[in-house]
Amino acid sequence: MAFFDDLTRKAKDVAAVAADKAKDAAELTKITVAMAGEQREIDKNYRTIGEWFVNEYEGEIPAAVRDLVEAVVASKAKIAELEAAKAANRETEPVTAAESAEKTCPICGARSDSKFCPQCGAPMGE
């Protein structure tokens, strides 16, 4: 019986080590997810600061960031062109049943027929 007792003890030891490692991995994952969330928050705040700066000092943008501001303005113009082309394309295509069931996300504007937005995860509403 000593053999089985020894085997049982070793199995329990291995299981305990595995449980500790799994717990450590879960903690590290929580920390990583929290760090990523904070980084998204920082990025969002920097974006807000940049938008405020460009709007506030529209006529007097410093030379150091003028190229970046012009690139953003060019990108916004390109997006407007693409949205116009998309709208024109939708007008010429017949609406299918699947498209008519799509809803627009109240947070980010993405379209989907699911209950939650595939882009930001917000509820799509009724």
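A salt bridge here is a side-chain nitrogen of Lys or Arg within 4 Å of a carboxyl oxygen of Asp or Glu. By that criterion, the whole structure holds 6 salt bridges. The model is a predicted one.

Start with helix α1, which spans residues 2-56. Several charged side chains pair up along this helix. R9 and D6 meet in a salt bridge, with N to O at 2.5 Å. The two are 3 residues apart in helix α1, so about one helical turn separates them. D6 also pairs with K10, at 3.7 Å from N to O. Here the spacing is 4 residues in helix α1, which again means a separation of about one helical turn. R9 has a further partner in D13, and their closest N and O atoms lie 3.6 Å apart. R9 and D13 are also 4 residues apart in helix α1, so about one helical turn lies between them.

Put together, D6, R9, K10 and D13 form a linked network of salt bridges. How exposed are its members? D6 is partly exposed, at 30% relative accessible area. R9 is partly exposed as well, at 46%. K10 has a value of 47% and counts as partly exposed. D13, at 41%, is partly exposed too.

The helix also carries a residue of a nonpolar patch. M1, F3, F4 and L7 make a nonpolar surface patch of about 530 Å². F3 lies in helix α1. Its relative accessible area is 60%, so F3 counts as exposed.

Now turn to the nonpolar core. The largest one has 5 residues: C105, A110, C117, A122 and M124.

How many disulfides does the structure hold? It holds 0. C105 is in no disulfide, and its nearest cysteine sulfur, that of C120, is 3.6 Å away. C120 is likewise in no disulfide, with the sulfur of C105 as its nearest, at 3.6 Å. The surroundings of the two can be set side by side. C105 is buried, because its relative accessibility is 4%. C120 is partly exposed, because its relative accessibility is 39%.

Conventions. Residues are numbered from 1 along each chain as its sequence is written. This is a predicted model: local features need pLDDT of at least 70, side-chain atom pairs count only at pLDDT 80 or more; totals for chains, interfaces and linings use all residues. Side-chain values use heavy atoms; hydrogens and water are left out. Patches are made of residues with over 30% relative accessible area and no salt bridge: like charges are joined within 9 Å, nonpolar side chains (Val, Leu, Ile, Met, Phe, Trp, Tyr) within 5 Å. Accessible areas come from the Shrake-Rupley method with a 1.4 Å probe; for residues, only the protein chains shown count as cover. Buried means under 20% relative accessible area, exposed over 50%, partly exposed in between (1.4 Å probe, protein chains only). A nonpolar core is a set of buried Ala, Val, Leu, Ile, Met, Phe, Trp, Tyr and Cys residues joined through side-chain atoms within 4.5 Å. A disulfide is a pair of cysteine sulfur atoms within 2.5 Å.
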